[in-house]
Amino acid sequence: MELGMIGLGRMGGNMAQRLMRGGHRVAGFARKPDALREIAEKGIVPAATLEALVNELKPPRIIWLMIPAGTAVDETIAALSPLLSADDVIIDGGNSNYKDTQRRAQMLKTSHIHYVDTGTSGGVWGLENGYSIMVGGDEQVVARLRPLFETLAPARDKGWGHVGPSGAGHFTKMVHNGIEYGMMQAYGEGFAILRHKEEFNLDLHQIAEIWRDGSVVQSWLLDLTAAALAENPGLQDIAPYVSDSGEGRWTVAEAIDLDVAAPVITLALLQRLQSRDSESFSNKLLSALRNQFGGHAMKKA
């Protein structure tokens, strides 16, 4: 199969390379000459304009987006859709909000352009190990795209699936990322407890390696924990500041809307927010209140 890709950053570029290894032809859009040269060196057919990208592909065309969620997706679709024809397909492989995905699918339906959402996990390791892909969209359109998903997945029949109609792929990926927040937080807290037990002088990397085999807490995230601790056992020069890309917030909001208790995911999100507040007013007030009612000592800044 052939397809065009928009958004050839590290993950998008790796996905393009895996597709080409599987025998698919990939054209890529980039405006800057340096970026065009770089994608050409990887074997991707370069296109300097959206028109050029569309013209590189035979109808019915497939355009795969790997761009940040939000207005960038809407702007790209607005510029791209007039260039496309009925029965062409746009795939959104980013982390879009599923409600935006449903809206975009309905909008494109009037032009008979198909919109498929593919929640994609695998990060920088996907090039070699394959990607986990959660697909939402029309069943017949997804069936047509099956060779692409089989190539990107760890195996033809593993790691990917059509999970439901438009929006279902991004919804599933949203919850996947919420679970990830909780798992990462548990590892972080557990290893912090181990580190603070100074009398044992524990080797955290050694413990991570022990847990990687035969333990009920073994996982790919634990593999990555072991790798991080091997490179930097004390995590020197790493600020205790944890970003979030939105999916955890959406998961928590959805849980509230659905009356589903999700305390672990919610607390993991709140911990990330707290990590960014180096001048926590709430903690300062707590200290002041303890001093007010009990005369407890306050640590001065």
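The mean positions of the 29 positive and 35 negative charges of the protein lie 2 Å apart. Here Lys and Arg count as positive and Asp and Glu as negative, with His and the chain ends not counted; each charge is placed at NZ of Lys, CZ of Arg, CG of Asp or CD of Glu.

This is a predicted model, in which local features need pLDDT of at least 70 and side-chain atom pairs count only at pLDDT 80 or more, while totals for chains, interfaces and linings use all residues. Residues are numbered from 1 along each chain as its sequence is written, and side-chain values use heavy atoms, with hydrogens and water left out.

**The whole chain**

Begin with the entire protein in a cartoon view. The protein has 14 helices and eight strands; these are DSSP runs numbered from the N terminus, helices being H or I of at least four residues and strands E of at least two. The C-alpha trace spans about 75 × 40 × 40 Å along its principal axes.

Next, display the surface. The protein exposes about 16,900 Å², of which carbon and sulfur atoms supply 56%; accessible areas come from the Shrake-Rupley method with a 1.4 Å probe, and for residues only the protein chains shown count as cover. Of the 301 residues, 41% count as buried. Buried means under 20% relative accessible area, exposed means over 50%, and partly exposed lies in between (1.4 Å probe, protein chains only). Among contacts with a separation of 6 or more, 65% come from residues 24 or more positions apart, a contact being heavy atoms within 4.5 Å.

**First stop: Arg18**

Select Arg18, which lies in helix H1 (residues 10–21). Arg18 is buried yet has no salt bridge, and the nearest side chain of opposite charge, Glu128, is 6.0 Å away. A salt bridge here is a side-chain nitrogen of Lys or Arg within 4 Å of a carboxyl oxygen of Asp or Glu.

What does the side chain of Arg18 have beside it? A polar atom of this side chain lies 3.0 Å from the backbone oxygen of Thr151. Leaving aside residues up to four places away in sequence, Arg18 touches several others, including Gly126, Glu128, Tyr131, Thr151 and Pro154.

**Second stop: salt bridges**

By the rule above, the count comes to 19 salt bridges. Select Glu2 and Arg25: they form one of them, with the closest N and O atoms 3.1 Å apart. Glu2 lies in strand S1 (residues 2–6) and Arg25 in strand S2 (residues 25–29), so the pair ties together parts that are 23 residues apart in sequence. Glu2 counts as buried at 19% relative accessibility, whereas Arg25, at 31%, counts as partly exposed.

Move on to Arg276 and Asp244, whose side chains meet in a salt bridge (2.5 Å, N to O). Arg276 is in the loop between helix H13 (263–275) and helix H14 (281–294), and Asp244 is in the loop between helix H11 (220–231) and helix H12 (247–257), so the pair ties together parts that are 32 residues apart in sequence. Arg276 has 24% relative accessibility and counts as partly exposed; Asp244 is buried, at 18%.

Then select Lys284 and Glu279, a salt bridge with its closest N and O atoms 3.1 Å apart. Lys284 counts as partly exposed at 49% relative accessibility, and Glu279 counts as exposed at 55%.

Which peptide bond is cis, with omega near -10°? It is the bond from Pro59 to Pro60. Pro60 lies in the loop between helix H3 (50–55) and strand S4 (62–65).

Now select Asp87, in the loop between helix H4 (71–80) and strand S5 (89–92). Its phi is near 85°, a positive value in a residue other than glycine, and Asp87 counts as partly exposed at 34% relative accessibility. Asp237 also has a positive phi, of about 65°, although it is not a glycine. Asp237 lies in the loop between H11 and H12 and counts as exposed at 85% relative accessibility.

**Last stop: Thr225**

End in helix H11 by selecting Thr225. Is this residue buried or exposed? At 18% relative accessibility, Thr225 counts as buried. The side chain of Thr225 reaches the backbone oxygen of Leu221 at 2.9 Å.

Definitions and conventions:
A polar contact is a pair of N or O atoms within 3.5 Å; within protein, one must be able to donate a hydrogen and the other to accept it, and residues adjacent in sequence count only if both atoms are side-chain atoms.
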